[in-house]
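Please look over the sequence and the model before reading on.

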Amino acid sequence: MLQIANPALELALVTNRPEQMLRFYRDVLGFSYQMRLDFPSPTGNQALGVPAGFQHRLLAGGMLIKLIHCPGAGIPESAPERAYARTAI
């Protein structure tokens, strides 16, 4: 049987509006802000294909939520009225 090292869920959300999402998850939903993690790290994430950017990390119970923003990655804005026509998370 597979042994899971961390039983908590980690959810990563990629966004073009990191500060708005941070205010929602932290200030409206009340999740606990942990830290900001900048890319690339000193260990060189670009060699792994991770573009320059950052993530905000929040805790919600045992769940870690990562709000990821990579401004140079070319991620297009999504039309909000077409949410059903795309994939996410």
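Which residues form a nonpolar patch on the surface?

## Surface patch

Met 1, Leu 2 and Ile 4 make up this patch, and together they have about 470 Å² of accessible area (Shrake-Rupley method, 1.4 Å probe, only the protein chains shown counting as cover for residues). Patches take residues with over 30% relative accessible area and no salt bridge, nonpolar side chains being joined within 5 Å; a salt bridge is a side-chain nitrogen of Lys or Arg within 4 Å of a carboxyl oxygen of Asp or Glu.

Leu 2 belongs to the segment before β1 (10-14). Its relative accessibility is 70%, so Leu 2 counts as exposed (buried is under 20%, exposed over 50%, partly exposed in between, with a 1.4 Å probe and protein chains only).

## Basis of the model

The model is predicted: local features need pLDDT of at least 70 and side-chain atom pairs pLDDT 80 or more, while totals for chains, interfaces and linings use all residues. Residues are numbered from 1 along each chain as its sequence is written, and side-chain values use heavy atoms, without hydrogens and water.

## Fold

The protein chain has 1 helix and 4 strands, in the order β-α-β-β-β (DSSP runs numbered from the N terminus: helices H or I, at least four residues; strands E, at least two). Of its 89 residues, 24% count as buried.

## Aromatic cluster

Phe 24, Tyr 25 and Phe 31 are linked into a cluster by ring pairs (Phe, Tyr or six-membered Trp ring centres within 6.5 Å; planes under 30 degrees apart are stacked, over 60 edge-to-face, the rest tilted). Tyr 25 is buried at 16% relative accessible area, whereas Phe 24 is partly exposed at 39%.

Terms used: Patch = residues over 30% accessible without salt bridge, like charges linked within 9 Å, V, L, I, M, F, W, Y side chains within 5 Å.
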